[in-house]
Amino acid sequence: MTDTTNSPAPRYPGLPQPPAVGSSALQPGTFDGVTVFVTGGGTGLGKGIALEFARLGANIVIASRKPEHLDAGLEALQSMGAPCVAVQCDIRDQDSIVAAFDEATKAFAMPTVLINNAAANFPVPAEDMSPNAWRTVVDITLTGTFLCSREFARRHMAAGTPGSIINVGASYAWTGGPGFAHSAAAKAGVKNLVETLAVEWGPYGIQVNGLVPGLFPHEDMTSDIKGNLGNLNDKDDRQPAMRVGQRQELGWAATFLASPYAQFISGHTLVVDGANWQ
Ligand code: NAP
């Protein structure tokens, strides 16, 4: 047996690991009866965020294009007994968004939380980027976020009810992202939109914030994004935190921002990345 009593403490232990999945700083039932609409909620981080809202009692609507993604999201939510529906939706298309919000409202009630999580991304050197590649990413990431936000806000303004929007961003909105000119520019727009919409819609009771994940590897990442990240270990010594993010950490931040305890926070973008972007 190895004697560890005299082992020196690691020089760079990094930021501590989070509490286990299933725990939360918010009280159980915080989102009871609240409908939360998550774009891209069938995969990756969107699914992680949806699960944290579900754990706190929310009715979940996940919206995206591909049935296999929606099915995977539903399966995860149903396995924890969450009330949930999946609606097919392309966030570039206004009619599709209207239909998805109608379906969500019919299934539960008008969504009071909107998580604009869906985005598109693939690495391409800027000089080789086709107009179509540029347009596709900007249309999904920036225009889609705007169109979903507008539909959500219009419905709340008409009903005179409050709501909360969270736009999932990326830190290359500030730093730029070599190889990701389309996505970095689109995310810069998404961050800017948070600030504009928070001011325009605050008087109507609509809170708008941004949430920026750092490195959160997950099983649904496309192979080119995974390849770009290289071999990430759980303890990643290329980051100040000496580790990558765990999905529940992003979900906790999202549930806090949409909770009654964060209602005076609006127009803010919260970065959850262990200081990596610095
Ligand atoms: P992901 O697994 O690639 O998920 C993207 C989701 O968006 C998919 O569910 C996809 O579903 C949906 N989507 C794409 N185009 C759509 C469209 N036109 N209409 C509706 N839905 C659409 O991405 P992720 O890694 O979980 O990232 C989630 C968010 O976090 C994104 O905003 C991303 O930029 C941001 N982010 C992630 C990381 C990370 O480390 N993972 C880091 C920084 C920022 P369908 O294909 O079914 O439509």
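This report walks through a predicted model of one protein chain, from its overall form to single residues.

## Overall form

The protein chain holds 8 helices and 7 strands. Its C-alpha atoms fill a box of roughly 65 × 50 × 35 Å along the principal axes. For 278 residues, a compact globule would have a radius of gyration near 19 Å. The protein chain has 19 Å, so the value agrees with that expectation.

Of the 278 residues, 47% are buried. Contacts tell of links across the sequence. Among contacts with a separation of 6 or more, 74% join residues 24 or more positions apart. The protein chain exposes about 13300 Å². Carbon and sulfur atoms supply 55% of that area.

Strand β2 covers residues 59-64. How many of its residues are buried? The count is 6 of the 6, so β2 is largely enclosed by the rest of the structure. In a regular strand, side chains alternate between the two faces of the sheet. In β2, both faces are covered. N59, V61 and A63 lie on one side, I60, I62 and S64 on the other, and all are buried.

β2 pairs with two named strands. Strand β1 (residues 35-39) runs parallel to β2, and 5 bridges join them. One of the contacts to look for is V38, whose bridge partner in β2 is I62. Strand β3 (residues 84-88) also runs parallel to β2, again with 5 bridges. Here A63 stands opposite V87 in β3.

Helices link these strands. The chain crosses from β2 through helix α2 (residues 67-79) to β3, and this β-α-β crossover is right-handed. A right-handed β-α-β unit is also made by β1, helix α1 (residues 44-55) and β2.

Strand β4 spans residues 113-116. Its side chains point two ways. V113 and I115 go one way, L114 and N116 the other, and all are buried.

β4 pairs with β1 in the parallel sense over 3 bridges. V36 has V113 as its bridge partner in β4. β4 also pairs with strand β5 (residues 163-168), in the parallel sense over 4 bridges. N116 stands opposite N167 in β5. Between these strands comes helix α4, residues 131-159. β4, α4 and β5 together make a right-handed β-α-β unit.

## Cysteines

Are C84 and C148 buried or exposed? C84 is buried, with a relative accessible area of 13%. C148 is buried too, at 0% relative accessibility.

## A loop residue: F122

F122 sits in the loop between β4 and α4. At 26% relative accessibility, F122 counts as partly exposed. Take M80 as a reference point. F122 and M80 are 42 residues apart in sequence. In space, their C-alpha atoms are 32 Å apart.

## Two residues with positive phi

M242 is found in the loop between α7 (223-229) and α8 (247-257). Its phi is near 60 degrees, a positive value in a residue other than glycine. M242 counts as buried, at 17% relative accessibility.

A275 lies in the segment after β7 (269-272). Phi of A275 is near 70 degrees, also positive in a residue other than glycine. A275 is partly exposed, with a relative accessible area of 38%.

Definitions and conventions:
Residues numbered from 1 in each chain as written. Predicted model: local features only at pLDDT ≥ 70, side-chain atom pairs only at ≥ 80, totals over all residues. Heavy atoms only, no water. Buried < 20%, exposed > 50% of the residue type's maximum accessible area, 1.4 Å probe, protein only. Pairing = 2+ DSSP bridges. Right-handed = clockwise from strand over helix to strand, strands pointing away. Rg over C-alpha atoms; globule rule 2.2 N^0.38 Å. Contact = heavy atoms within 4.5 Å. Areas by Shrake-Rupley, 256 points an atom, 1.4 Å probe, with all protein chains shown as cover.
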